[in-house]
Amino acid sequence: MREAPDPIRPTLAFLGPAGTFSHQAAFDCFGTSVEYVSKQTIEAVFQSLSPDVPLGIVPQENSTYGSVVETYNLLRDPTIGQNNFIRSYTVLAIRHCLVVRQGVKLENIDHVLSHEQALGQCRSFLARLLPQASLVPTDSTASAAEEISNGTTAFDPYRCAAICSSIVTTVFEGLEVLRQNIQDGEANSTRFFIVSHGSNTTLPLSQVFPVRREALLRINTSSETHGTSEYERSKFAKFIKALDLDILRIDRRPALHALTFWDVYFLEVGDIDGNTPWSEKLSQALQRAKYPGVEVALLGKW
């Protein structure tokens, strides 16, 4: 019988199952101060945010393979910045392993299963040692190991391998690590956003985070003016200039409306050396940058 959640400890959703890098990143931040609940997809993590599940963690970018597209696609949702907010971030060093059923050798492997990010982060290893193997995307790294362990993969589990953390061998039965540290480069790290339902939800962190004075903005240029996409990008450039904040990164995804090649921008801004309180400085910048046809949503600040 499953135990009821601890009413004192808040619940945190992560991309599961147990043993994913998201799980590890969350535990490094929160330890035993929260109840953990796994979700099958990043979308499910966002959708679960509520008074009952006030916290979540989602992968945002990998230093080798780049931005996590699914996360940025979901950040286009209007509920982000209204009901749910980004509150901070954490960085986890990623050490990938090739995990197989016990007794399986490298020459037995025909299929490699993992999240698309992990497959991309191990391209050199795969091209060198498993060039003929098919690459099979899964919802998460740990779910790849789980499928091989319980035999639910569409392939013979003794012809498969998973790219994941070594911790899965303690979570799922019958698995062993065949190769360690197979990621491309030693500096492979993933950045995770810590998200919450409501902007004032307490974060019961088990570690002290540095004061960063940063924020994430979502910028939509209005399609109602019927201008060209090039004209809309020029409005975005004027908006950036008027903000007068440090620009830490810019990402873009296709806008949700139907116009062709229309973009929504994600702008990470900061005030690295400022002395004015960050909330006040950010509010002043957003007031200063009001521009006709530019819609701005504050997705989070930290």
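In which sense do strands β13 and β14 pair, and over how many bridges? Strand β13 (residues 246–254) and β14 pair in the antiparallel sense, over eight bridges. Strands here are DSSP runs (E, at least two residues), as helices are (H or I, at least four), numbered from the N terminus. Two strands pair if DSSP finds at least two bridges between them.

The model is predicted, so local features need pLDDT of at least 70 and side-chain atom pairs count only at pLDDT 80 or more, while totals for chains, interfaces and linings use all residues. Residues are numbered from 1 along each chain as its sequence is written, and side-chain values use heavy atoms, with hydrogens and water left out.

**Around β14**

The table sets out both pairings.

| Partner of β14 | Residues of partner | Sense | Bridges |
|---|---|---|---|
| β12 | 214–221 | antiparallel | seven |
| β13 | 246–254 | antiparallel | eight |

Ala215 stands opposite Val269 in β14. Pro254 stands opposite Asp263 in β14. Strand β14 spans residues 263–270, and eight of its eight residues are buried. Buried means under 20% relative accessible area, exposed over 50%, and partly exposed in between (1.4 Å probe, protein chains only). Both faces of β14 are covered. One side holds Asp263, Tyr265, Leu267 and Val269; the other holds Val264, Phe266, Glu268 and Gly270.

**Around Ala13**

Ala13 sits in strand β1 (residues 11–15). Ala13 counts as buried because its relative accessibility is 0%. Leaving aside residues up to four places away in sequence, Ala13 touches Val37, Lys39, Val45, Ser48, Val53, Leu55, Gly56 and Ile57. Contact means heavy atoms within 4.5 Å. Arg253 is 240 residues from Ala13 in sequence and 25 Å away in space, C-alpha to C-alpha.

**The whole chain**

The chain has nine helices and 15 strands. Of its 302 residues, 51% count as buried. Its C-alpha atoms fill a box of roughly 65 × 50 × 35 Å along the principal axes. Among contacts between residues at least 6 apart in sequence, 78% join residues at least 24 apart.
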